[in-house]
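Student: Could we go through the packing of this protein together? I would like to begin with the aromatic side chains.

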Amino acid sequence: MSNPYWSDLVKSLDPYVPGEQPKMDNLVKLNTNENPFGPSPAVVDAIRARAGDNLRLYPPPESDALRETIAAYHGVDVAQVFVGNGSDEVLAHAFNAFFSGRDSDILFPDISYSFYPVYCQLYGIRYRQIPLAQNFSLALEDYPGANGGIIFPNPNAPTGMAVALAEIEALLQRNRDSVVIVDEAYVDFGADSAIALVDGYPNLLVVQTLSKSRSLAGLRVGYAIGGRGLVEALVRVKNSFNSYPLDQLAIAGAVASFADEAYFQQTRATIIANRESLNEALTARDFDVLPSAANFVFAAHRQQGGAVLAEALRQHGVIVRHFNKPRIDGFLRITVGTEEQQARLIAALDAILAG
Ligand SMILES: *Cc1c(COP(=O)(O)O)cnc(C)c1O
């Protein structure tokens, strides 16, 4: 698995493996936390209209219209907003801008988004993983003094569990010398956003995405909100990498998404309601389900192993995510779907567990 033309860095990489995007029809795809409802129809109209414009020209390099829309939506200044090609790109730039070259380890949970160690490897960043508590909650009081930076998702992935804003603020009060990144990919499904704290803490960066709650994973739009100094650092990295990360269609679609608040609220509420019915159905079938504030649940069956169940579900045309990792190999991460998708999942589980 090597080639004489590869750099030593490339040889050393252990890239992130995304959840699969199978080509088969009629699958119940509950493995990558996509939103089952699709984006607002206004988004599709806006993209179509923009596609009729002159795509010959480069897009505005700082995506000003989108940044102004996001700033107004969240009640911050436009100079506090950075946008990127998916929040994965925003996170990659943030690791480079704030965590590389530090003398101390950066800290993140042992069970968390598996892209974080990948960015560390890419940029040569030292890191230490802090174990979640026994009940899988994120115990921020375990994050010790000196560090090169701290990052965690809220709600955490793949557990789905949220941490209270007061605990994040307590961490920020103890930790003023390094950057703290809160990755809020799932915040709209039930956690409180730390955007409320950015004006008080110049070392806080909050990252959000349009991929999950706005059903635009295919458009690739993410953003960060923080102090002006942090945003300026991200712009410096971006302009040393790719001046035009967001294309015209992505900018138009993203702006339109924020304009349709009614659609956002309605689909979000439906997903939260479906999550609660999924939770009940799994609990009734002998699963332990962690309390989720996200658009997925993390559930372990009391008798059947996670890998066995994931494979059996696949045979029934239902794809969920299983992580072959210590502490969580008994769990399935199941994306909240439509009522019909969830009914097919539960029917498949009943067939498997009866057999
Ligand atoms: C989905 C996800 C992201 C990345 O989302 P993008 O599609 O790149 O915006 C970031 N962090 C976590 C924890 C996620 O689950």
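Tutor: Let us start with Phe298, which counts as buried at 0% relative accessibility; buried means under 20% relative accessible area, exposed over 50% and partly exposed in between, with a 1.4 Å probe and protein chains only. Please note that this is a predicted model, in which local features need pLDDT of at least 70, side-chain atom pairs count only at pLDDT 80 or more, and totals for chains, interfaces and linings use all residues. Residues are numbered from 1 along each chain as its sequence is written, and side-chain values use heavy atoms, with hydrogens and water left out.

Student: Is Phe331 buried or exposed?

Tutor: Phe331 is buried, with a relative accessible area of 9%.

Student: Why is the pair of Phe298 and Phe331 called stacked?

Tutor: The ring centres of Phe298 and Phe331 are 4.5 Å apart and the planes lie at 10°, so the pair is stacked. Rings of Phe, Tyr and Trp (its six-membered ring) pair if their centres lie within 6.5 Å; planes under 30 degrees apart count as stacked, over 60 as edge-to-face and the rest as tilted.

Student: Which strands hold Phe298 and Phe331?

Tutor: Phe298 is in strand S10 (residues 296-301) and Phe331 in strand S12 (residues 331-335), so the pair ties together parts 33 residues apart in sequence. Strands (E, at least two residues) and helices (H or I, at least four) are DSSP runs, numbered from the N terminus.

Student: How many aromatic pairs are there?

Tutor: The count comes to 16 aromatic pairs. Phe108 and Tyr127 form a stacked one, at 5.1 Å centre to centre with 20° between the planes. Phe108 is buried at a relative accessible area of 1%, whereas Tyr127 is partly exposed at 35%. One aromatic cluster includes Phe108 and Tyr127, along with Tyr16 and Phe95.

Student: Changing topic, which residues touch the most other members of the largest nonpolar core?

Tutor: They are Leu66, Phe152 and Leu204, in a core of 50 residues. A nonpolar core is a set of buried Ala, Val, Leu, Ile, Met, Phe, Trp, Tyr and Cys residues joined through side-chain atoms within 4.5 Å.

Student: Which helix gives the most to this core?

Tutor: Helix H8 (residues 248-259) does, with five residues.

Student: What is Leu66 in contact with, leaving aside its neighbours within four places in sequence?

Tutor: Leu66 is in contact with Val83, Val221, Leu246, Ile251, Ala254, Val255 and Phe258, where contact means heavy atoms within 4.5 Å. A second, separate core of 27 residues includes Phe98, Phe115, Tyr119 and Leu230.
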